[in-house]
Amino acid sequence: MAKLLLYLTLATSLIPLFSVAFSPENPTDRRVLVLVDDFAIKSSHSLYFGSLTSRGFQLEFKLADDPNIGLQRYGQYLYDALVLFCPSVERFGGSIDVASIVDFVDSGHDLIVAADSNASDLIREVATECGVDFDEDPAAMVIDHINYAVSNFDGDHTLIASDDFIKADAPVLFQGIGHSLNPANSLVLKVLSASSSAYSANPKSKLSNPPSLTGSAISLVSVVQARNNARILITGSLSMFSNRFFRSGVQKAGSSIKHEKSGNEQFLTEISKWVFHERGHLKAVNVRHHKVGESDEPAIYRINDDLEYSVEIYEWSGTSWEPYVSDDVQVQFYMMSPYVLKTLSTDQKGHYSAEFKVPDVYGVFQFKVEYQRLGYTSLSLSKQIPVRPYRHNEYERFLPAAYPYYGSAFSMMAGFFIFTIVHLYSK
Amino acid sequence: MVSGGSDSNSHLFLPQSLTTSFQSCLPHNIFLNVWGDGINCWQALSQSDGRWRYSSNNPESSTFAAGIALEALSGVVSLASSEIDQFMIGAVKNDIVKLFDSIEKYDDGTFYFDEKLVNMREQQGPLATTSSVVRGLTAFSSVITESLNLPGDKILGIAKFFLGIGIPGDTKNFFDQVDLLACLENNRVSIPLILSLPSTVISLTKKDSLKVKVNTVLGSHAPPLTVTLVRAFSSSARDNSIIENQELKFDPQDAVYFLDDLPASFDVGEYIFVFKMLVQDSEQQTVYATGTLTQVPIYVTGLIKIENAKIAVLDSDLGSVETQKKLDLAGESTVSVSANHLQKLRLSFQMSTPLGNAFKPHQAFLRLRHETKVEHTFVVGSSGKKFEITLDFLGLVEKFFYLSGRYDIQLTVGDAVMENSLLREIGYVELDLPEPPENASRPPPQPVDPYTRYGPKAEITHIFRAPEKRPPEELSLAFLVLTILPLFGFIIGLLRLGVNLKNFPTSAVPATFAVIFHLGIAAVLLLYVLFWLKLDLFTTLKTLCFLGVFLMVVGHRTLSHLASASAKLKSA
C-alpha cells in the first residue's frame, strides 16, 4: 500500500515517450487541444506548456470561441486529450459543446478543466458532467485565514498554500474557486483538499448564512477516472498553472519556513503525467489456464480438477511496458457469485499465477480478474470455461462397500466350475 | 532598399535596410533623394487615421506598420537633416496624434494598441503592435526639434500595461516588452513614473510603516518629487476620510517615501489610500508623466482580542442557565457539556480591535460534528463587540437527523485583517435527541476514505460436498467373509458326500475333449473376470462369441460321449 500512496501522491517522475499515436500499445496521449480564452495564456503559462511539449506532446492552441475548432472529423477523433484553460467562455465555437466533450471523454480520451473565479456557466456544466460541483456563487473564492500564503500584495487571504499531501517539497499555491464531490461517487478522488478552516465565499461581502462549502469538504484539485479509464483533472484555479505561481516562493502563514519555489510545478507536472496516461496505466496479457501438470488449455474442466491460472500484468512507464509487481491481484472462479477467490502469487517479473481445485458444482464458470486500485487503470478480465461432472467411468472403480457382492459373484463362479466337474464325473 | 518614389508600385517598405544601405558607400548627393523618397512613401502609404499600409497592393492599414514607418521616417530625418520640410514634420505629428485615437484601454487605466487584420496570416498581438508604435514615436521624437504633444496619461497607461503582464513566456513577447520599456525609460516624449508599494499589508503589531516607491519603468531613480497622500478612507465608509493631504517624507538611503506614523485612530481593516505625485522642478513637469491620482487598497492587520468566551446550556422554557463553563480560546483545554433536545446551547465571546473598537470578522463559524462525521455549520452572530450564538435544539432536531451522541464543537474565527485567526476544538457536547419517526430524512452519506475503498477482498475457498457416508470397511470385509463361507461349506459338503472323479473318461480323445471342455468353461469364467476388471462389453462379447462356439463344439462332444457312456452302462 505504501507504493500506491507514493504513486498517487506525486512522488516519482518518468521519462517522455517517442512514439507516434495514441493506441493500446502506447497509451500515452499525443495530440492535445488546448482551448484558451485569449492567447496571452499561452505566454503567461508557458512553463507548464513547455513541460508538456518537452515530454513529447503536440499542443495545439485555439481560442475557445474560434469557429473552426472541432474534436472529430468524419468520425475520427483529431486529438487524444483536451485541455480547457478557458474559464470565462460562454459558448464554445465550432462543433464543440458540452455533449461533444462528454462523448470525447466517453470514448476514452482525457480532459483537464481549469476554472477560475469568473468561471462561466458552461465550464461549470462541463465540470458537473464529470461529477464535480463548483460553488454556485459566482463571486465566491476559497478563503482560508489560517493556511494562506503570506504575500505582500494579496492581503485578503485568497491565496492558499496547501500542503495537504505527502512528499511535496513546498506547499502548492492556489487562488480560485473550490468544488465539492458527491460522496456516493466512487470514481472521483480529491487530490488536494482545503484545510478545515477554509470556506468558499465572496471576500468582499459579509456572510449572513453559513457558506455551502466549508472545511475539508472543499476540494481544490480533483481527478476522475472513468470506467473506461479516461482520466479527468478538474481544478478551480487557472492561475495555479501560471508562470507567476510556478516561480514564486511560498511562506505559509504561521510558519517561518520560506520556500524558494512553490510546489506547483512539481505537483502539476506529476499529475498531468497521470492524467495523460504516462503513469498508472496497466495492461494484462497472456491469460492462460491449464490443468496442473499439463500445458495446453482444455476446453472444459471436470469437477475436482486441479488447475492453474496465470496472467501477466504490465505497467506503462511512459516509454515502455514494465512488469507490474503487487501482492494483491486476485482471481475469482465465478458463476453468479464467486466460488473461489484466490490471491495470485507473483514471480516479481509481472507473471501472476494461482492453483486451486475446481469446485464440485458444475456449470459454466468464468475466470474473473477485477483489479481496481487507487491511481491505476482498472483491469477487468474474464474468461469463460465450462465445468462438467464425472463421467460414468471416472468414479471409484472398486468400492470396499461392494466387496460382499464381488465375493458372492466370484464364489458363485467358482462353485459353478467345481460343480460342473463334480456333477459330470462323480459316481 | 527603398524602391518607391515615382514608381507607384512600391514594394514593401523596409526601414532597417534603408538606413544601413544608405550609410554605405554612396556619394553625398544621392542622399538628397532619401527625403524625396520618404515623402513619396509617406504620401503613398500613410492613411488619414494615422495608420500605414504595408504596400500599395494591400488596401489594409495597420498600426504595426505605422510604428515601423515612424522609425524609418526618423531615420530619414536624421540622414537628410538639411532638407527637412517643417510642414511635413507637422503633418506626421498630426498623424501620430490621430493614431493615438485608436488606442484601446482596460478599466484599470492601462492602454494598448491592438489590431485585427483580415488579410494577414499572422496577427501581431497587442504587445508587438504597441511596442512598434512606441519605438517609432520615440525614435521620431528624438530627431525632431519640437516636442510631440502626446497625452501623458496614455503613455503612463501603456507603461502600466506592459508592467502588468508579468514576465511573458514567449521570447518574442518578452523582447517586445523589454524593448518598449527601454524606449520609455529615457525618451523625449514623456517618461512615465510608476508609483508602487513594496507591501500593501501593514501590520499594527509589527509597527510597519507605509512605504511608497517611485521609479521609472525599468527601476531607475525618479527626479525629486513630492508625494502626497491625498485621502485615506476605509473601504466600508468611503465618505469618511481618516487622513487628508499628508505629505510623505523621503528617505534618501532606501529611496522610499514613507509615512512616519499612522495616526493613533488607525484601526485594523481594509482601506483605500489615494496618492498623488508632483515633480518638484516645474520645468521638468512636462517631461515626466505622473498621472493624476493613484488608488491603492491597503490592508491594516493586527491582533484581535478575543475574551470572555463562555459556553452554557440553557433550559428552553425558562431560559435559566443550567451549566456554564468558561472557555480558554488561547489555550488547548477542552470542555464537555451535555444537553437534551429541550435545552439550548449558547456560545458567547467578545472581540475587539487593538484600539478597542467592535470588530466583525468575515468568518465566525461554529461547527458541530457528530461521531458519524455528519457536520453542521452555523454563523455566530454579533451585535457590537459581543458575539453570541444560541442553538435551540428543539428546532434543530430534524436538521440534526435525530442523531444523538457526541458532537465535537469547533469554532473558527478568521478575517483578512486578523493576524490571529483561530480554529479551535472547544470540546464536545453529549446530545440526547428523541427517536426519529418513520419518515425522517436520513443523514447524507459520508465520503469514504479513498485508500480503503479498494483493497483485496477476503479469500474464498470452496467447501466441497462431504462424500456420502459409507459403511465402515470392516463391515464389508465381514460380509465378504460371510459370502465366501458358503463356497467352503459347499466344498466341504461335497467332500462329505463322497464325490469322486471316477467317471472321468479314460480313453485319450474323450479325455482331451473333457479337459478342453472344462478349460473352456474356465476360460469363459476368466473372461467374465477380465470383463469385470478392465474389458469393455464389445471385446467381451466378441471373445465370448468365439469361446462360446468353441465351447459348444467341445461340450457337445464331451457330453455326448458321457451320455453314450452312461447309456451303455444302463443297457448293459
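Me: How many residue pairs are in polar contact between chain B and chain A?
Reply: Keep in mind that this is a predicted model. Pairs go into this tally if both residues have pLDDT of 80 or more. On that basis, the count between chain B and chain A is 17 residue pairs.

Me: By class, what residues does chain B have on the side that touches chain A?
Reply: Chain B brings 78 residues to the contact, and chain A brings 82. On the side of chain B, 11 are charged and 20 are polar. The remaining class is nonpolar, with 47 residues.

Me: Which residues of chain B lose the most area to chain A?
Reply: The two chains bury about 6,700 Å² between them, and 64% of that is on carbon and sulfur atoms. Three residues together make up 12% of what the chain B side buries. They are B:H362, B:Y454 and B:W532.

Me: Where in chain A does pLDDT stay under 50?
Reply: Chain A has a mean pLDDT of 86, with 93% of its residues at 70 or more. One stretch stays under 50, though the model has 35 contacts for it beyond four places in sequence. The stretch in chain A is residues 11-21.

Terms used
Residues are numbered from 1 along each chain as its sequence is written. Chains are lettered from A and ligands numbered from 1 in the order in which they are written. This is a predicted model: local features need pLDDT of at least 70, side-chain atom pairs count only at pLDDT 80 or more; totals for chains, interfaces and linings use all residues. Side-chain values use heavy atoms; hydrogens and water are left out. Contact means heavy atoms within 4.5 Å. Buried area is the accessible area (1.4 Å probe) that two parts lose on being put together, summed over both. A polar contact is a pair of N or O atoms within 3.5 Å; within protein, one must be able to donate a hydrogen and the other to accept it, and residues adjacent in sequence count only if both atoms are side-chain atoms. Ala, Val, Leu, Ile, Met, Phe, Trp, Tyr, Cys and Pro count as nonpolar, Asp, Glu, Lys and Arg as charged, and the others, Gly among them, as polar. pLDDT is the predictor's confidence in each residue, from 0 to 100.
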